[in-house]
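Colleague: I'd like to learn how to read aromatic contacts in a model. Could you walk me through them?

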Amino acid sequence: MIFGNIKNLKEFEFLQEDVLKCLEYTKAHDLLNFEKGSHEIDGDRLFVNIVEYETTTPENRFWEAHKDYLDLHFMLSGKEQIDVNFIDNMEQKEFVPKDDFLPLEGEPNSHVVLTKGDFLICYPTDGHRTAVQVGEPIRIKKAIFKIKIKK
């Protein structure tokens, strides 16, 4: 996993081309005013899901990972905690290929708090639990870029 802020993009020039393309996309487009839903960038190889939801307690959330796509979470408004752990430290449930969804059970070994302009890149080995409140529950809006893994 990689945690950063769009203001410091020069520090992340080592990232793969498609990840950098997503970060550049955030700078070139007013994602805050995008409608909720999925927006194609390059077919099913690269797209962005715009989501809005209320943060909540960890007990109301679930753990997940993905095998076919990287997730790049980019915060547009609000504040959200994302709990993280490596999938090898967790109990892995049955993978759902059509949804690229690997359910997990376990506890966090760390977390990040995303605020406007922050991003978190989750790789297939990174379990994550999103939408965890920081303080009181609030409504957030973020972009989740889905980047197909080259196999």
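Colleague: Which residues do ring pairs link into a cluster?

Modeller: Phe 12, Phe 14 and Phe 119 are joined in that way. Keep in mind that this is a predicted model.

Colleague: How many aromatic pairs does the structure hold?

Modeller: There are five aromatic pairs.

Colleague: What describes a pair of aromatic rings?

Modeller: Two things do: the distance of the centres and the angle of the planes. Take Phe 47 and Tyr 69: their ring centres are 5.6 Å apart and their planes lie at 70°, so this pair is edge-to-face.

Colleague: Which parts of the chain does the pair of Phe 47 and Tyr 69 tie together?

Modeller: Phe 47 belongs to strand 3 (residues 46-54) and Tyr 69 to strand 5 (residues 69-77), so the contact joins parts 22 residues apart in sequence.

Colleague: Is Phe 47 buried or exposed?

Modeller: Phe 47 is buried, at 16% relative accessible area. Tyr 69 is buried too, at 11%.

Colleague: And how do the rings of Phe 62 and Phe 101 pair?

Modeller: Their centres are 6.0 Å apart with planes at 70°, so they are edge-to-face. This pair links distant parts of the chain, 39 residues apart: Phe 62 is in the loop between strand 3 and strand 4, and Phe 101 in the loop between strand 7 and strand 8. Phe 62 is partly exposed at 39%, and Phe 101 is partly exposed at 23%.

Colleague: Which residue lies over the face of Phe 95?

Modeller: That is Lys 67, at 4.6 Å from the ring centre.

Conventions:
Residues numbered from 1 in each chain as written. Predicted model: local features only at pLDDT ≥ 70, side-chain atom pairs only at ≥ 80, totals over all residues. Heavy atoms only, no water. Phe/Tyr/Trp six-rings, centres within 6.5 Å; stacked < 30°, edge-to-face > 60°. Helix = DSSP H or I, 4+ residues; strand = E, 2+ residues; numbered from the N terminus. Buried < 20%, exposed > 50% of the residue type's maximum accessible area, 1.4 Å probe, protein only. Lys NZ or Arg CZ within 6 Å of the ring centre and 35° of its normal.
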